[in-house]
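Student: I have a model open and would like to talk it through. Could we start with the terms and then go over the fold and the surface?

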Amino acid sequence: MGDLPAAPGELATQVYDVSGCCITPGLLDCHTHLVYAGNRAHEFELRLQGVSYEEIARQGGGIHSTVMATRAASEEVLLAQSLVRAKALMASGVTSVEIKSVMV
């Protein structure tokens, strides 16, 4: 700081008073499956009841159900749903994402 040509506040183009705030760096989600269709929330209840993942899959659930729903969805639907998810991540402090997807 002693080597600066002036006080930091004088050198900055913008100064924000963040007294009483918690400042953190932006978060990075390095592995997210943001683009998908379908919903497997009901499977959580089944798992709580002791139903195995294998049984859920045999009943048509599991990852196969979301793969099929994703393939059946239009690009417009996938984009709309993905934007909602991306905005929720941003609201939580995520500034960067690496999106995983499988095209088969």
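Tutor: Let us begin with one term: a residue is called exposed if its relative accessible area is over 50%, buried if that value is under 20%, and partly exposed in between. Please keep in mind that this is a predicted model.

Student: Okay, is I63 buried or exposed, then?

Tutor: I63 has a relative accessible area of 51%, and because the cut-off for exposed is over 50%, I63 counts as exposed.

Student: And which helix is I63 in?

Tutor: I63 is found in helix α4, the helix that spans residues 63-72.

Student: What nonpolar patch does I63 belong to on the surface?

Tutor: I63 forms a nonpolar patch together with Y53, V67 and M68, and the accessible area of these residues together is about 330 Å².

Student: Which helix gives the most to the nonpolar patch?

Tutor: That is helix α4, which contributes three residues to the patch.

Student: Changing topic, how many helices and strands are there in the protein?

Tutor: The protein has five helices and two strands, and if you follow the elements from the N terminus on, their order is α-β-α-α-α-α-β.

Student: What is the radius of gyration of the protein, and what would a compact globule have?

Tutor: The radius of gyration of the protein is 22 Å, whereas a compact globule of 104 residues would have a value near 13 Å. Taken along the principal axes, the box that the C-alpha atoms fill is roughly 70 × 35 × 20 Å.

Student: How much of the protein counts as buried?

Tutor: Of its 104 residues, 13% count as buried.

Student: How far apart are I63 and P5 in space?

Tutor: From C-alpha to C-alpha, I63 and P5 are 59 Å apart in space, and in sequence they are 58 residues apart.

Student: What about K87 and E45, how far apart are they?

Tutor: K87 and E45 are 27 Å apart in space, again C-alpha to C-alpha, with a separation of 42 residues in sequence. K87 has its place in helix α5, residues 75-91, and K87 is exposed, with a relative accessible area of 58%.

Student: Last topic, the rings: how many aromatic pairs are there?

Tutor: The count comes to zero aromatic pairs, by the rule that ring centres must lie within 6.5 Å.

Student: And which ring does the charged end of R85 sit over?

Tutor: The charged end of R85 sits over the ring of Y36, at 3.6 Å from the centre of that ring.

Definitions and conventions
Residues numbered from 1 in each chain as written. Predicted model: local features only at pLDDT ≥ 70, side-chain atom pairs only at ≥ 80, totals over all residues. Heavy atoms only, no water. Phe/Tyr/Trp six-rings, centres within 6.5 Å; stacked < 30°, edge-to-face > 60°. Lys NZ or Arg CZ within 6 Å of the ring centre and 35° of its normal. Patch = residues over 30% accessible without salt bridge, like charges linked within 9 Å, V, L, I, M, F, W, Y side chains within 5 Å. Areas by Shrake-Rupley, 256 points an atom, 1.4 Å probe, with all protein chains shown as cover. Salt bridge = Lys/Arg side-chain N within 4 Å of Asp/Glu carboxyl O. Helix = DSSP H or I, 4+ residues; strand = E, 2+ residues; numbered from the N terminus. Buried < 20%, exposed > 50% of the residue type's maximum accessible area, 1.4 Å probe, protein only. Rg over C-alpha atoms; globule rule 2.2 N^0.38 Å.
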